[in-house]
Amino acid sequence: MDSLVYGNHTAVTEFILLGLTHDPVLRVFLFIIILCIYLVTICGNLCTILLIRASTQLHHPMYFFLSHLAFADMGYSSSVTPNMLVNFVVERNTISYVGCGIQLGSAVFFGSVECFVLAAMAYDRFMAICHPLLYSTKMSTGVCVQLLAVAYIGGFLNASSFTLSFFGLLFCGPIRVNHFFCDFAPLVEISCSAHSILTIVPSFTSGSIIVVTVIVIAVSYIYILITILKMRSTEGRHKAFSTCTSHLTAVTLFYGTITFIYVLPKSSYSSDQNKVISVFYMVVIPMLNPLIYSLRNNEIKGALRRQLGRKTCF
């Protein structure tokens, strides 16, 4: 049973996720591609975390935040990808009512944590380049832990607002969600609840997180750019800017896609475009982040070579 009817309302027990496509050949192709992406995501981010933990040369605030960015990427991708893979191999993909709420909450939680961690990494680069003499004091272990606590608490509060709002929605049918996971907007579209506080609060909390973190990142890089332009040494400019390129790339990819989904008017794109962009920022970007930071970071490449050298010695 998809739902049980009580009075004028429907007590939903499960949802049907329509997924990305109904073409059987394309479904097989997408299953193989996304499975490979997911395996690379887990292996790449897990290796990043283990490498940072094992290498004393990487025990710095920048890499401390990077390890938590890798953790958030794994959680973000894992909140939707396994269920999406199942969608490709079954004829009718369903998710329970409670499972839908859990999936929504976990996706929002890890996405919010990623926003905060990217902002913390921008602040770290700001302190390192603009105030190098104060860096060890301003970015002490205690400060890093506090920034990380804000990230996880903020993520929890934002996820709670979405989850509680979801469980407050009423569904009268149909219960077909036009997405590959339980995203909040498609769920609101099929609900019969009035667009009240249940939809306003999640929009406010998520919008606030995006605006605040974007401001922190933008202000940090404005000061970084001003400081770099004041440097007389070309080598010093290049060295300072090279420490920011990986982070700037990750920020551009992540915020560029979520801006398309959550900031632009819905009339400017179709539901199919929404799905494709969602695949990019929830599945592809978590795979790209460890590649971006490893390929463009000499310290990580050096630490990896040293760890591999130790393994071969034994």
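Me: Which residues lie nearest the centre of the second largest pocket?
Reply: On a 1 Å grid over the protein atoms alone, a pocket is an open set of points where a 1.4 Å probe fits, with protein on both sides within 12 Å along at least five of seven lines, and lining residues have an atom within 4 Å of a point. This is a predicted model, in which local features need pLDDT of at least 70 and side-chain atom pairs count only at pLDDT 80 or more, while totals for chains, interfaces and linings use all residues. Residues are numbered from 1 along each chain as its sequence is written, and side-chain values use heavy atoms, with hydrogens and water left out. The second largest pocket is lined by 19 residues, and those nearest its centre are Arg 125, Lys 239, Ser 242, Thr 243 and Glu 299.

Me: Which helix supplies the largest share of the lining of the second largest pocket?
Reply: Helices (H or I, at least four residues) and strands (E, at least two) are DSSP runs, numbered from the N terminus. At least two lining residues come from each of helix H2 (61–78), H4, helix H9 (234–262) and helix H11 (298–313). The largest share, six residues, belongs to H9.

Me: How do the residues of this lining divide into nonpolar, polar and charged?
Reply: Ala, Val, Leu, Ile, Met, Phe, Trp, Tyr, Cys and Pro count as nonpolar, Asp, Glu, Lys and Arg as charged, and the others, Gly among them, as polar. For the second largest pocket, the lining divides into eight nonpolar, seven polar and four charged residues.

Me: What is the handedness of the disulfide between Cys 100 and Cys 182?
Reply: Cys 100 has a relative accessible area of 0% and is buried, a term for values under 20%, with exposed meaning over 50% and partly exposed in between (1.4 Å probe, protein chains only). Cys 182 is also buried, at 0%. The torsion about their S-S bond is about -125°, so the disulfide is left-handed.

Me: Which residues have the most contacts inside the largest nonpolar core?
Reply: A nonpolar core is a set of buried Ala, Val, Leu, Ile, Met, Phe, Trp, Tyr and Cys residues joined through side-chain atoms within 4.5 Å. The largest such core has 84 residues, and the most contacts inside it belong to Phe 15 and Tyr 255. Its largest share, 20 residues, comes from H4.
The two residues asked for are Phe 15 and Tyr 255.

Me: Is Tyr 38 buried or exposed?
Reply: Tyr 38 is placed in helix H1 (residues 24–54). Leaving aside neighbours within four places in sequence, Tyr 38 is in contact (heavy atoms within 4.5 Å) with Ser 77, Ser 78, Thr 81 and Pro 82. At 15% relative accessibility, Tyr 38 counts as buried.

Conventions. Disulfide = S-S within 2.5 Å.
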